[in-house]
Amino acid sequence: MLFHSLPFLVFILLFFAGWQFTQKNKNFRFFYITFFSFFFYGWWDWRFLFLLIFTGLVDFAAAIYIEKYTQYKKWLLAISLGMNLGVLGFFKYFGFFSHTIDSLFSYLGFATHLHQSVQDFGLILPVGISFYTFQSMSYTIDVYRGRLKASPNILHFFAFLSLFPQLVAGPIIRARDLLYQIEVFKKPSYVEIWHGLRLIVYGYFLKMVLADNIAAFVNDAFSFENKTTSTPFWWAATLGFGLQIYFDFNGYSSIARGLAKLMGYHFKLNFNHPYQSFSLKEFWQRWHISLSTWFRDYVYIPLGGSQKGKLRSHLNMWITMLLSGLWHGANFTFLIWGGLHALYVSIERETKYPQLLAKNNFTKFLLWTLVMLQVLVAWVFFRAESVEKALIIMGFLFSFSSFEMPNMHLNGLFWLIIGIGVEVGYFLSTKYRFIRHLSQNNWVEILTFVMLAICIIYFKGSEQSFIYFQF
Amino acid sequence: MGLKSHSAKLTIPTVTELSRSTAFKNSKIILFIRTYKVSYSYKIFLSLSLSIVGILLFGVCKPKQNRSIFEEDKFWTNKTYNKQKFNIVIGGDSRTYRGLNPAKLNEGLADSSLSIINMGYSFGGFSQEMLNLMEEKLKKKPANRIILLGITPLSLTAKSCSNKHLQSLKQLSATDVYLKTNIIPRYFTLLEPISVSNLFQAIVKPKVEYYDDLKENGWDGSYCYPQCIAPTLESYKLIFTNNQVNLKTIDTLQRQIKKWKTMGIKTYAFRPPSSKDMEEIENEKSGFNESFTRKKIEDAGGIWLDIPDRLGYQSYDGSHLPAEEANRFSFELGKLMKSNL
């Protein structure tokens with residue numbers, strides 16, 4: 001069920017109605033979390049539950065046996081990773097690879113029908129599969145590395161794996177951050193309840209008001225409804241998508257964090273105003289932090305990180321970025337998106353231009369503009385339906401052949417401007433103390449809460465599912 | 001000064017003296033009130049209660065909209081998921097669902113025993129999926145079973161045959177269907193969303209106002225004031241770029257009509273009225289050949305209905321008929337069908 005649906009509202013009321021009764025018995029608490037989380041996940045499609053349970057059981061057992069039979073721990077880890085990646089590969093990538101192989105062989109004059117052999121169920125992408133498989137893999141890897149003790153309690157493990165606020169679209173929570181939290185019942189203080197509610201309202205505002213309203217404009221643009229080649233229009237559409245995906249995903253993460261706070265749990269920040277970065281390195285420290293740190297810890301560092309020489313460091317970074325692109329989707333556009341970011345980071349590392357240019361406010365502004373340009377160009381590939389369409393849009397962005405502005409979604413543009421205003425407001429609050437103090441004033445906080453709540457009810461855009469659900 | 005008690009040396013302080021005393025100020029009650037006022041529980045209570053008040057107040061004060069999002073959702077969801085079966089099922093795109101009122105069609109047919117549903121969709125195309133959906137809505141034998149197709153050039157293009165509108169409706173879960181048709185339009189009208197542009201239009205009179213009267217029979221009695229013909233015609237000049245009438249769609253239609261004929265289902269087809277300028281654009285830019293399409297349908301066993309004075313109807317935007325004209329057209333079409341039954 002979507003976070004912004006009536007069934008979810010009923011679900012959450014029922015969950016918190018009984019949450020207090022899990023205080024005394026931790027097994028009952030684990031069961032309670034698992035039951036509600038399974039119900040939440042099964043609401044989409046009850047068949048997906050079998051996959052979640054199966055992968056969970058394999059990893060639970062693998063972790064225990066890794067600790068028990070250390071001489072076989074490499075094999076056990078290989079089984080766990082192989083199973084997780086196998087499941088992910090089958091449901092997410094088999095269609096893509098089979099189609100690519102068929103196209104390649106067809107080009108060479110051979111007819112293979114690999115794609116047709118994929119069973120119908122193999123073309124269904126279980127919701128959240130990329131998230132919970134990564135979460136589960138981090139558990140077994142950390143046990144293998146000796147950084148975490150395997151949980152002997154299967155309910156405890158499933159409560160961690162399936163915890164509903166983050167199950168289908170992250171943030172990807174590490175076992176060592178969450179397992180110990182759910183072991184104890186921590187009654188949230190009023191401060192935590194207040195911050196939790198604020199996060200939830202803020203998250204719904206970002207998603208339902210900003211992202212969903214901007215989406216109508218962006219979707220029309222990228223489906224080429226307007227048939228315009230206007231450069232300003234396409235930059236507005238690209239910026240629109242950049243903000244849409246940010247507000248959509250940040251909104252979901254905020255709601256997840258807020259719900260966790262109400263349960264007394266703490267999820268780390270997943271987005272830290274990435275569009276206020278002055279380098280691509282900084283951008284990746286602020287964007288989808290849980291995923292980028294996952295790739296850093298479980299792909300980049302094991303490959304050697306930056307410890308094996310300059311060339312190897314670049315290679316490791318490229319592999320990590322390409323895999324990150326592929327994680328987002330089974331399409332060459334996502335690979336190109338990852339590749340572009342790898343290129344940007346490589347150039348940054350070699351030239352060190354962010355450090356050289358960050359001399360004064362003017363050069364910092366130029367730096368920021370450069371970072372934004374690079375990120376927006378990459379988003380074109382992320383959003384476009386095909387490489388061909390992405391290249392057409394790139395042409396529009398840089399041709400400057402037309403400056404006419406066609407009929408545009410006034411509603412979408414209005415909320416795009418408001419969204420920019422939200423980010424600018426945050427930036428100003430970091431620069432000017434009086435703005436920071438003003439935003440922390442009790443009445444300002446209360447009135448902001450009320451206004452956001454009104455906007456969520458009355459100014460929400462037409463329903464769009466969370467973008468990251470497709471991953 | 002306080003009152004002196006005669007019976008003892010105890011002095012009873014006045015209220016004023018009491019309120020000024022340090023003891024009173026430090027009393028637990030005052031401490032609680034003071035700390036509560038800056039406490040987080042107070043903030044939570046105030047935020048939630050003011051939010052509820054604000055939401056209700058806004059709901060009451062917000063301007064009325066010409067188009068209700070909840071009613072629209074109910075209209076489309078009901079059309080797609082209604083389990084009722086009908087004698088006559090009408091199919092097509094927006095020109096059909098706005099231009100054909102089943103109630104008036106029935107009057108023209110002069111047979112009140114026939115039940116009719118308008119299954120037109122926005123940007124609707126005659127894909128196999130759409131044709132199957134129309135067939136599902138028909139009553140089982142031995143009832144009178146008729147399919148009525150509003151053939152526009154756009155409905156025969158590949159883009160329309162992707163039927164995005166229908167696809168989005170098919171994604172709804174059973175819970176969503178129930179909520180959209182029963183709960184939300186009935187109990188949540190106060191909380192109906194409004195777009196910023198609609199809010200703005202309530203303050204500043206819009207240049208063009210649209211009205212919709214959504215009926216359970218699948219018809220949308222629409223109107224636009226003042227007429228907005230030029231922009232629509234301009235958009236139609238572009239709509240057929242890389243999106244011509246698809247011969248495969250006509251073949252699909254032909255095969256289906258033949259199949260329906262063997263099943264005892266009569267098929268009627270017509271070109272919905274729009275405007276002279278629109279037909280010129282369509283004939284020139286869409287690749288549509290009316291006589292060719294008509295022949296294909298007739299060869300398959302369908303009946304083509306020649307609309308008398310097709311260009312004599314007044315459209316509000318060059319493409320769609322306003323409610324009164326749609327009623328007039330529906331009645332005439334009914335009479336025409338009756339003469340062909």
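Guide: Two strands pair if DSSP finds at least two bridges between them. The model discussed here is predicted.

Visitor: In which sense do strand S6 and strand S7 of chain B pair?

Guide: Strand S6 covers residues 209-214 of chain B and strand S7 covers residues 220-225. Six bridges join the two strands, and the cut-off for pairing is at least two. Within this pair Tyr211(B) stands opposite Tyr223(B) of S7(B). The sense of the pairing is antiparallel.

Visitor: Which residue in the hairpin of S6(B) and S7(B) takes a positive phi?

Guide: The hairpin has five residues between its strands. One residue of the hairpin has phi near 95°, and that residue is Gly218(B).

Visitor: Which strands are the edges of the open five-stranded sheet in chain B?

Guide: The strand order is S4-S3-S5-S8-S9, with parallel pairing. At one end, S8(B), residues 266-270, pairs with S9(B) over two bridges, and Ala269(B) has Trp304(B) of S9(B) as its bridge partner. An edge strand pairs on one side only, and the two that do so are S4 (116-118) and S9 (303-304) of chain B.

Visitor: What angle does the direction of helix H7 of chain B make with that of S4(B)?

Guide: Helix H7(B), residues 102-109, packs on the sheet. The helix touches S3 (88-91), S4 and S5 (146-150) of chain B. Its direction and that of S4(B) make an angle of about 140°.

Visitor: Which side chains form the salt bridge between chain A and chain B?

Guide: The count between the two chains is one salt bridge.

Visitor: Which helix gives the most to the side of chain A that touches chain B?

Guide: Helices H1 (6-19), H9 (190-222), H18 (410-431) and H20 (442-458) of chain A each supply at least two residues to that side. One of them gives ten residues. That helix is H20(A).

Visitor: How many residues on the side of chain A that touches chain B are nonpolar?

Guide: The contact takes 25 residues from chain A and 31 from chain B. Carbon and sulfur atoms give 74% of the buried area, which is about 2700 Å². On the chain A side, two residues are polar and four are charged. The nonpolar residues number 19.

Visitor: How far apart in residues are Arg286(A) and Glu282(A)?

Guide: Their side chains meet in a salt bridge at 3.0 Å, N to O. Both residues lie in helix H11 (280-286) of chain A, about one turn of the helix apart. The separation is four residues.

Notes:
Residues numbered from 1 in each chain as written. Chains lettered and ligands numbered in written order. Predicted model: local features only at pLDDT ≥ 70, side-chain atom pairs only at ≥ 80, totals over all residues. Heavy atoms only, no water. Contact = heavy atoms within 4.5 Å. Buried area = accessible area lost by both parts, 1.4 Å probe. Salt bridge = Lys/Arg side-chain N within 4 Å of Asp/Glu carboxyl O. Nonpolar A, V, L, I, M, F, W, Y, C, P; charged D, E, K, R; others polar. Axes fitted to C-alpha atoms, helices over the stretch in contact; angles between N-to-C directions.
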